[in-house]
Amino acid sequence: MTETSGMSDSVMTDPSLEMTGKDVDALAEARDSIRPGTRINVTFLGNEDLEMRVTAATAVRDAGFIPVPHVSARRLSSQAELEEFLGALRDRVGGEHMFAVGGDPSEPMGPYASSADLISSGLPKQYGFTQISIAGYPEGHPDISDAQLWEALEQKDASLKEQGLNGTILTQFGFDVDPVFTWIEEVRSRGIDLPIRIGVPGPAGIKRLLNYAKRFGVSTSAGIAKKYGFSLTNLLGTAGPDKMINQLDAGLTPAHGDVKLHFYTFGGMKTTADWIQDFQAKH
Ligand SMILES: NC(=O)C1=CN([C@@H]2O[C@H](COP(=O)(O)OP(=O)(O)OC[C@H]3O[C@@H](n4cnc5c(N)ncnc54)[C@H](O)[C@@H]3O)[C@@H](O)[C@H]2O)C=CC1
Ligand SMILES: Nc1nc(=O)c2c([nH]1)NC[C@@H]1CN(c3ccc(C(=O)N[C@@H](CCC(=O)O)C(=O)O)cc3)CN21
């Protein structure tokens, strides 16, 4: 068997990972467990600055991976701030990928209220970014209506196509496969043919998973937890996405189009990378 032992034509082909600006040392530690050429997303959090974000993207590139820096529309205070970041990425990192996301501030901090505003500004393309990921929400979003989310997704798909850019939809993480299937089917029925990466949490402590779920409005219930592989009445121990991935793999058909995975590592880069290797070897 070659690079990916078992599941080569499966949802587990070439998964992407995610790190924060604080994870540069964690990346070095995880490096040998990650397949060269893997896409690694770099967050754009409120407690990070340009230097941290660019340094992290540089570390990803230098380690032999593809950096996918996040740009959070609502966190940008001006067009100048956006251009400063895009310019630094172009000059110091030099990749084609980015993840254009809305951002959590309830009011935009500057001229970009949404990732559609960011994309349609034409600046990502002007600075050489040709592979643009955008967000998807199989379970909806706590502060944004479903109608608004679908409208935004269609608008972003159209804007990318108009500009001749390649897109990928990257979803919020979740613990339940059912809404994922329903959502992919709706994406396709709306004529959106972009590749999709389904967000799943890397293996992590159950308390930590539940804290992140609460923070980002991701649903958990006794039933969902049980199906995923943990219990809400026993928060000791860890849980990984193996059952969810197996359910995805079993249910995906060619009609779902190109569907892969994105792992949110939540402080566990090496744990996640080792888990992926182990899972691929066993399947
Ligand atoms: N990996 C990450 O960092 C992820 C972050 N998110 C968050 O999900 C939210 C939506 O992101 P996108 O899908 O890119 O939306 P978007 O930028 O495409 O916007 C969709 C619609 O919702 C509105 N909107 C966007 N963010 C909002 C907010 N925080 N509060 C109220 N309305 C908002 C926009 O004005 C627009 O009408 C953001 O808060 C984003 O930060 C979601 C998934 C992953
Ligand atoms: N609505 C929304 N906003 C987001 O910012 C967001 C999502 N959704 N979905 C998931 C991703 C993953 N995100 C994050 C955000 C923060 C850490 C974080 O604070 N990490 C710690 C280390 C891990 C820990 O100790 O728990 C750090 O210090 O960097 C990780 C992932 C941000 N993301």
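Student: Why does F99 count as buried?

Tutor: F99 has 25 C-beta neighbours inside 10 Å. A residue is buried if 20 or more other C-beta atoms lie within 10 Å of its own, exposed if 12 or fewer, and partly exposed in between, with C-beta atoms placed from the backbone. The count of 25 meets that rule, so F99 is buried.

Student: What should I know about the model itself?

Tutor: This is a predicted model, in which local features need pLDDT of at least 70, side-chain atom pairs count only at pLDDT 80 or more, and totals for chains, interfaces and linings use all residues. Residues are numbered from 1 along each chain as its sequence is written, while chains are lettered from A and ligands numbered from 1 in the order in which they are written.

Student: Where does F99 sit, and what does F99 touch?

Tutor: F99 belongs to strand 4, residues 97–101. Strands here are DSSP runs of E with at least two residues, helices are runs of H or I with at least four, and both are numbered from the N terminus. Leaving aside neighbours within four places in sequence, F99 is in contact with N41, V68, H70, S133 and L170; being in contact asks for C-beta atoms, placed from the backbone, within 7 Å.

Student: Which strand pairs with strand 6 over 6 bridges?

Tutor: Strand 5 (residues 131–136) does, again in the parallel sense. Look for I132, which stands opposite G167 in strand 6. Strand 6 itself, residues 166–171, is mostly covered, with 5 of its 6 residues buried.

Student: What makes the backbone at D14 and F266 worth a look?

Tutor: Most residues other than glycine have a negative phi. D14 is not a glycine, yet its phi is positive, about 50 degrees; D14 lies in the segment before strand 1 (16–19). F266, also not a glycine, has a positive phi of about 45 degrees. F266 is in the loop between strand 10 (259–264) and helix 11 (269–282), and counts as buried with 20 C-beta neighbours inside 10 Å.

Student: Which residues surround ligand 2?

Tutor: F266 is one of them, and others include T20, K22, D104, R208 and Y264. Belonging to the shell asks for a C-beta atom, placed from the backbone, within 6 Å of the molecule. The shell divides into 5 nonpolar, 4 polar and 3 charged residues. Ala, Val, Leu, Ile, Met, Phe, Trp, Tyr, Cys and Pro count as nonpolar, Asp, Glu, Lys and Arg as charged, and the others, Gly among them, as polar.

Student: How many residues surround ligand 1?

Tutor: The number is 21, and the closest are G102, S114, S115, A135 and A152. Strand 3 (66–72), helix 4 (115–120) and helix 6 (146–162) each give two or more residues to this shell. By class the shell around ligand 1 has 7 nonpolar, 11 polar and 3 charged residues.

Student: How do you know that the radius of gyration agrees with a compact globule?

Tutor: The rule for a globule is 2.2 Å times the number of residues to the power 0.38, and the radius is taken over C-alpha atoms. For 283 residues a compact globule would be near 19 Å, and the protein has 18 Å, which agrees. The protein comes to 11 helices and 10 strands, and buried residues make up 42% of its 283 residues.

Terms used: Pairing = 2+ DSSP bridges. Contact = placed C-beta atoms within 7 Å.
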